[in-house]
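Welcome, and please open your viewer. We will walk through this structure one selection at a time.

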Amino acid sequence: MLLSLLAVPALAGLPAGFVLVDVSGMTDECCEQQVATRLAGVPGVSAAASSAASKQACLSTTSAVEPAALSAALSGSEYTLTGAASIT
């Protein structure tokens, strides 16, 4: 499995498949659910699960997803996208 890390400001579209994103601000199960719900609403994301312990969310995507769209989904909350990796 190849894991390619990408810095958020320089991210291009993340390819379809599985994407791991680093998310700051999660502290408990309630936060995990809020982050997963927000990220699952992004076009191209078919499912999302998050972990406060790892400070990450795993996304299943059906098409390329723009990191800006993921960041926008978390805007207005205490959560921030801090990094992303596509798993190919």
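In this tour, buried means under 20% relative accessible area, exposed means over 50%, and partly exposed is in between (1.4 Å probe, protein chains only). The model is a predicted one: local features need pLDDT of at least 70 and side-chain atom pairs count only at pLDDT 80 or more, while totals for chains, interfaces and linings use all residues. Residues are numbered from 1 along each chain as its sequence is written, and side-chain values use heavy atoms, with hydrogens and water left out.

**The whole chain**

Start by showing the protein chain as a cartoon. The chain has 2 helices and 5 strands, where helices (H or I, at least four residues) and strands (E, at least two) are DSSP runs numbered from the N terminus. Follow the chain along its sequence and you will pass the pattern β-β-α-β-β-α-β. Of its 88 residues, 34% count as buried.

**The cysteines**

Next, select Cys-30. How many disulfides does a search of the whole structure find? The search finds 0, taking a disulfide as a pair of cysteine sulfur atoms within 2.5 Å. For background, a disulfide is a covalent bond between the sulfur atoms of two cysteines. For Cys-30, the nearest cysteine sulfur is that of Cys-31, 5.9 Å away. Cys-30 counts as partly exposed because its relative accessibility is 46%. Move on to Cys-58, which is also partly exposed, at 34% relative accessibility.

**Along helix H1**

Select residues 29–40, which make up helix H1, and pick out Glu-32 within that helix. Which residues touch Glu-32, leaving aside its neighbours within four places in sequence? Show Met-26, Ser-50, Ser-51, Ala-52 and Ala-53 to see these contacts of Glu-32.

Stay in helix H1 and select Ala-36. Ala-36 counts as buried because its relative accessibility is 9%. Beyond its neighbours within four places in sequence, Ala-36 is in contact with Ala-48, Ala-49 and Ser-50. Now draw a line from Ala-36 to Leu-74: they are 38 residues apart in sequence, with 9.9 Å from C-alpha to C-alpha.

**Two loop stops**

Select Lys-55 in the loop between strand E3 (45–51) and strand E4 (56–61). Although Lys-55 is not a glycine, it has a positive phi of about 60°. Lys-55 is partly exposed, with a relative accessible area of 37%.

Then go to Val-65, in the loop between E4 and H2. Is Val-65 buried or exposed? Val-65 is buried, with a relative accessible area of 2%. Its C-alpha atom is separated by 7.4 Å from that of Val-45, 20 residues away along the chain.

**Around helix H2**

Select residues 67–74 to highlight helix H2, then colour its buried residues Pro-67, Leu-70, Ala-73 and Leu-74. Look down the axis of H2: these buried residues fall within an arc of 120°, so they line one face of the helix. The arc is that of the directions from the helix axis to the C-beta atoms.

Zoom in on Leu-70, which is buried at 1% relative accessibility. The C-alpha atoms of Leu-70 and Ala-84 are separated by 9.9 Å, and the two residues are 14 apart along the chain.

Ala-72 is also found in H2, but Ala-72 is partly exposed, with a relative accessible area of 47%. Between the C-alpha atoms of Ala-72 and Val-42, 30 residues apart along the chain, the separation is 9.0 Å.

For the last stop, select Gly-76, which follows H2 and has a positive phi near 80°.

Key. Contact = heavy atoms within 4.5 Å.
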